[in-house]
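User: I've got a model open here and I'd like to talk through a few of its details with you. Where shall we start?

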Amino acid sequence: MRALTWHGKRDVRVDTVPDPTIEEPTDIVVRITSTGICGSDLHLYEVLGPYLDPGDILGHEPMGIVEEVGPEVTEVSVGDRVVVPFNVSCGTCWMCGQGLHSQCETTQVKDRGMGAALFGFSKLYGQVPGGQAELLRVPFGNTLPVKVPHGPPDQRYVYLSDVLPTAWQSVVYADVPPGGTVTVLGLGPIGDMAARIALHKGASKVIGVDLVPERLARARERGVHTLDLNEYGKNLGEEIRGLTAGRGTDAVIEAVGMEAHGAPLARAAQNLAGLLPDAVGEKLMGRAGVDSMAAFNTAVDAVRRGGTISLIGVYGGSVDPVPMLTLFDKQIQLRMGQANVRRWVDDIMPLLNDADVLGVDGFATHTLPLEDGPRAYRTFQAKEDGMIKTVLTP
């Protein structure tokens with residue numbers, strides 16, 4: 001089969017690799033029809049090279065048609081249409097029973113002290129082959145895949161793999177009071193969808209912050225009050241307080257993470273780790289890794305006293321400086337973590353089956369064949385050509 005594989009920093013290629021096969025009796029094999037490129041994929045493309053090996057198959061936002069099932073699979077059949085959540089979760093352990101599928105005890109990467117394995121990510125999360133490929137082996141065939149109806153276009157459902165549940169969780173964790181206010185930092189795919197969900201769930205004002213004109217315009221069209229970081233810079237917090245009776249918003253959803261602008265020393269450290277041999281680079285990232293904290297510090301500044309920060313942007317540092325004095329003094333609640341995809345599917349599905357409430361059918365700015373994957377990564381990383389969300393079609 002053809003698959004998008006990692007070969008080094010800013011070097012992804014479409015290679016011919018062996019087809020996946022049934023390895024366990026509850027496995028299924030899915031022929032992928034659509035698969036997204038996520039902002040998290042750019043972390044692999046740019047800075048997390050020490051945790052990857054050449055030839056690793058990328059991608060964790062796939063859907064397709066079941067092509068083969070193991071002998072103990074009873075919940076899906078050949079020909080069924082399924083979405084594959086990015087958490088590799090069993091659905092039956094204690095953690096999954098608590099709705100914490102990203103902490104699945106069956107697939108926790110215990111030798112690295114990490115949570116549940118993820119499709120197409122890195123050694124930190126199990127080095128499981130990903131879904132930017134023609135075929136994908138999916139374990140836990142009775143509990144993991146999300147069965148969806150035939151008929152509507154793939155883009156009605158493909159975002160159930162990551163974008164929708166991740167954004168939904170960020171809004172739930174933000175705990176915006178009825179008629180309350182929320183700032184969304186970063187209007188990439190997750191931030192954009194989080195803003196839509198917050199409005200749908202009754203927020204009276206959603207303030208969206210970014211520095212890419214196309215992202216700002218797109219959010220503005222959905223009723224978001226947008227602020228251009230290029231214009232407000234360090235005065236952003238003051239502007240947000242000016243829009244909220246001098247207090248700041250009830251909540252802030254931080255959807256940027258380690259990609260934040262404004263920290264050249266952190267970027268230099270990440271680049272250095274990526275240039276070192278894997279064993280040395282892993283040690284540097286694991287013991288001395290530091291992220292840009294620009295977006296997080298902005299969230300702390302913009303949230304009102306007694307408010308909540310929902311952190312959904314991915315961080316990878318181990319010694320990040322956190323402003324504990326300010327967090328304590330402002331009495332800020334902080335929630336974060338990988339999305340528990342399966343936990344939120346039943347809440348989201350009614351918004352997809354009856355009508356396109358959240359605008360998912362037109363959410364992708366680019367739909368490209370798998371063979372164009374390397375070019376899509378370059379364009380997405382450079383924020384060029386108005387690319388906000390790309391779906392590849394193997």
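User: Let's start at the interface of domain 1 and domain 2. How many residue pairs are in polar contact across it, with both at pLDDT 80 or more?
Analyst: Keep in mind that this is a predicted model. For polar contacts, counting pairs with both residues at pLDDT 80 or more, the number is nine.

User: Which helices each supply at least two residues of the side of domain 1 that touches domain 2?
Analyst: The domain assignment puts residues 2-162 + 340-392 in domain 1, and 164-336 in domain 2. In the contact, domain 1 takes part with 38 residues and domain 2 with 34 residues. On the domain 1 side, the helices with at least two residues each are H1 (39-46), H12 (341-348) and H13 (350-353).

User: And what area do domain 1 and domain 2 bury between them?
Analyst: Interface size is often quoted as the accessible area lost when the parts come together. Here the centres of the two domains, taken over C-alpha atoms, are 24 Å apart. Carbon and sulfur atoms carry 63% of the area buried between domain 1 and domain 2, which comes to about 3,200 Å².

User: On to the cysteines. How many disulfides does a search of the whole structure find?
Analyst: A disulfide needs two cysteine sulfur atoms within 2.5 Å. For Cys 90, the nearest cysteine sulfur belongs to Cys 104, 3.7 Å away, so Cys 90 is in no disulfide. Cys 93 is in none either, with its nearest cysteine sulfur, that of Cys 96, at 3.7 Å. Over the whole structure, the search comes back with zero.

User: Is Cys 93 buried or exposed?
Analyst: The cut-off for buried is under 20% relative accessible area. Cys 93 has 12% relative accessibility, so the label is buried.

User: Which side chain makes a polar contact with the side chain of Ser 102?
Analyst: Ser 102 lies in the loop between helix H2 (94-97) and strand E6 (135-138), and is buried at 6% relative accessible area. Leaving aside neighbours within four places in sequence, Ser 102 is in contact with residues including Asn 87, Gly 115 and Asn 340. The polar contact between side chains, at 3.2 Å, is with Gln 103.

User: Last one: what is the length of the polar contact that joins the side chains of Thr 5 and His 7?
Analyst: Thr 5 sits in strand E1 (residues 2-8) and is buried, with a relative accessible area of 1%. Not counting residues up to four places away in sequence, Thr 5 touches several others, among them Asp 11, Arg 13 and Ile 57. The side-chain polar contact between Thr 5 and His 7 is 3.0 Å.

Note on methods: Residues are numbered from 1 along each chain as its sequence is written. This is a predicted model: local features need pLDDT of at least 70, side-chain atom pairs count only at pLDDT 80 or more; totals for chains, interfaces and linings use all residues. Side-chain values use heavy atoms; hydrogens and water are left out. Buried means under 20% relative accessible area, exposed over 50%, partly exposed in between (1.4 Å probe, protein chains only). Helices (H or I, at least four residues) and strands (E, at least two) are DSSP runs, numbered from the N terminus. A polar contact is a pair of N or O atoms within 3.5 Å; within protein, one must be able to donate a hydrogen and the other to accept it, and residues adjacent in sequence count only if both atoms are side-chain atoms. Contact means heavy atoms within 4.5 Å. Domain bounds come from an automatic or database domain assignment. Buried area is the accessible area (1.4 Å probe) that two parts lose on being put together, summed over both.
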